[in-house]
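This report describes selected features of one structure, with attention to aromatic contacts and strand pairing. Please read it alongside the sequence and the model shown here.

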Amino acid sequence: MRKKFVSILLMAALLSLIAISFANADTFGQVLDRWTKSRKYIGEDKLSNLEIKATYYSAEFIEAYIQKEAEANLWTQQEADDYKYKFLSALKLDEMIPIQIEFNNNAETMYMGPFDIMAKLTIKNKAYKPVDYDKRLNFKFQGKKEGLVYFPRYDEKTGKDLLEGVKTVTLELRSAIAPTITKGQPIKFLWDVSNDDPQKLYQGKTAARVETDRLLKRLEKLRKDKAEEEAKLKAINDEISTIQNRLDELARQ
């Protein structure tokens with residue numbers, strides 16, 4: 001009787017784990033749906049087709065993805081924290097806005113290089129070019145291809161967060177990537193980012209490690225700037241000295 005009771009408990013526990021797994025999968029699927037936009041084009045022959053998906057790497061999506069990986073791999077908290085740190089560092093989320101673009105091309109060969117002139121992100125009616133992207137997107141192809149594209153998160157001159165107070169952003173791909181099947185129309189994807197807060201991802205040990213990396217990079221840049229400014233100052237002082245020496249020579253004549 002006792003063995004039977006234990007077996008029932010184990011079965012109940014297993015069913016609970018399966019139920020939790022499916023619940024988490026559904027949750028991740030819902031999050032993925034919220035942040036993935038898609039467009040599908042059908043050729044005039046009704047056979048050729050092109051599907052393009054774009055996933056905005058929001059804080060909600062990244063957190064859900066990391067949680068899914070942690071549960072699937074049965075990671076400890078330390079392992080999950082390490083993965084999160086490496087994942088955020090690879091995404092360059094503290095500097096850029098990453099967007100994953102996926103193509104499933106069963107139509108004309110696509111020529112997208114150089115890709116940085118084929119894509120732009122519009123924020124508050126101002127368009128921004130990619131600052132980095134997966135270089136595989138430069139090569140012609142048919143079939144499937146995907147890659148991350150990075151857009152600036154901060155204003156180059158002022159350092160201000162470009163997404164501060166912004167409700168929506170729009171990714172636009174030029175029709176030149178597939179002019180026939182898109183009939184010369186640009187491909188656009190829009191996201192509501194009003195509630196997105198990447199800072200939520202930077203907490204605890206992850207925050208300390210990311211901030212340390214950021215401060216070290218900043219310190220390196222400041223030291224480089226200092227060396228350049230000191231070199232400029234030396235050049236100015238040398239020129240002042242040369243001019244003064246010549247003036248002294250002329251005064252003695």
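## Aromatic cluster

In this predicted model, one aromatic cluster is formed by Phe 28, Tyr 57, Phe 61, Tyr 65, Trp 75, Tyr 83 and Phe 87. The count of aromatic pairs in the structure comes to 12. One of these is the pair of Phe 28 and Tyr 65, whose ring centres are 6.2 Å apart and whose planes stand at 50 degrees, so the arrangement is classed as tilted. Because Phe 28 belongs to helix 1 (residues 2-35) and Tyr 65 to helix 2 (residues 59-73), this pair ties together parts that are 37 residues apart in sequence. Phe 28 is buried, at a relative accessible area of 11%, whereas Tyr 65, with 23% relative accessibility, counts as partly exposed.

Tyr 83 and Phe 87 also form an aromatic pair, here a stacked one, with 5.7 Å from centre to centre and 10 degrees between the planes. Both residues lie in helix 3 (residues 77-91), where they are 4 residues apart, about one turn of the helix. Tyr 83 has a relative accessible area of 23% and is therefore partly exposed, while Phe 87, at 16% relative accessibility, falls under the 20% limit and so counts as buried.

## Lysines over aromatic rings

Phe 28, which is a member of the aromatic cluster, also has a charged residue over its face, namely Lys 68, at 5.1 Å from the ring centre. A further arrangement of this kind involves Lys 135, which lies over the face of Tyr 133 at 4.4 Å from the ring centre.

## Strand pairing around strand 2

Strand 2 (residues 49-56) has 6 of its 8 residues buried, so this strand is largely enclosed by the rest of the structure. Strand 2 pairs in the antiparallel sense with strand 1 (residues 36-42), over 7 bridges, and also in the antiparallel sense with strand 3 (residues 96-110), over 8 bridges.

Strand 1 and strand 2 form a hairpin with 6 residues between them, and in the turn Lys 46 has a positive phi of about 70 degrees. Within this pairing, Glu 51 of strand 2 is the bridge partner of Lys 40. Towards strand 3, Ile 52 stands opposite Phe 103. As a general point, side chains in a regular strand alternate between the two faces of the sheet.

Technical notes
Residues are numbered from 1 along each chain as its sequence is written. This is a predicted model: local features need pLDDT of at least 70, side-chain atom pairs count only at pLDDT 80 or more; totals for chains, interfaces and linings use all residues. Side-chain values use heavy atoms; hydrogens and water are left out. Buried means under 20% relative accessible area, exposed over 50%, partly exposed in between (1.4 Å probe, protein chains only). Helices (H or I, at least four residues) and strands (E, at least two) are DSSP runs, numbered from the N terminus. Two strands pair if DSSP finds at least two bridges between them. Rings of Phe, Tyr and Trp (its six-membered ring) pair if their centres lie within 6.5 Å; planes under 30 degrees apart count as stacked, over 60 as edge-to-face and the rest as tilted. A charge sits over a ring if NZ of Lys or CZ of Arg is within 6 Å of the ring centre and within 35 degrees of the ring normal.
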